[in-house]
Amino acid sequence: QVQLVESGGGLVQPGGSLRLSCVASGSFSDIYGMYWYRQAPDKQRELVASVNSAGNKYYADDVKGRFTIARDRAKNTVTLQLNNLKPEDTAVYYCHAGIRTSPIASAFYWGQGTQVTVSS
């Protein structure tokens, strides 16, 4: 059974920073792309950043220059450094990953989410 577990959310003032982490555990042979999504109240879940198996990174326009995604393949982790946070960054942040569970099977998994609140 594969699990993604996030940590690192919290309450921070505007302009502050947080570092989110996500670790994959369980039985699998490889992880393809790793992603961070977020969902604010009454809004659709949106992609924030991603890193694929080749290390190529993507950022949504409104987080470019403020957020940094990083991946450690040896530790099966992905982190998201959030800098210069704004109130509009308030949301539940979810880790998402494509994972190979057997030679002929792969699937996408979600973490349980971690709350980020930016408020003075």
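The model is predicted, so local features need pLDDT of at least 70 and side-chain atom pairs count only at pLDDT 80 or more, while totals for chains, interfaces and linings use all residues. Residues are numbered from 1 along each chain as its sequence is written, and side-chain values use heavy atoms, with hydrogens and water left out.

**View 1. Asp42 in the loop between β4 and β5.** Phi of Asp42 is positive, near 65 degrees, and the residue is not a glycine. Most residues other than glycine have a negative phi. Asp42 is exposed, at a relative accessible area of 84% (exposed is over 50%, buried under 20%, partly exposed in between, with a 1.4 Å probe and protein chains only).

**View 2. Asn84 in the loop between β8 and β9.** This loop joins β8 (77-82) to β9 (91-102). Asn84, also not a glycine, has a positive phi of about 50 degrees. With a relative accessible area of 43%, Asn84 is partly exposed.

**View 3. Thr114 in strand β11.** The strand covers residues 114-118. Thr114 counts as buried, at 10% relative accessibility. Its side chain reaches the backbone nitrogen of Gly9 at 3.1 Å. Leaving aside residues up to four places away in sequence, Thr114 touches Glu6, Ser7, Gly8, Gly9, Leu20, Ala91, Val92 and Tyr93; touching here means contact, with heavy atoms within 4.5 Å.

Key. Helices (H or I, at least four residues) and strands (E, at least two) are DSSP runs, numbered from the N terminus. A polar contact is a pair of N or O atoms within 3.5 Å; within protein, one must be able to donate a hydrogen and the other to accept it, and residues adjacent in sequence count only if both atoms are side-chain atoms.
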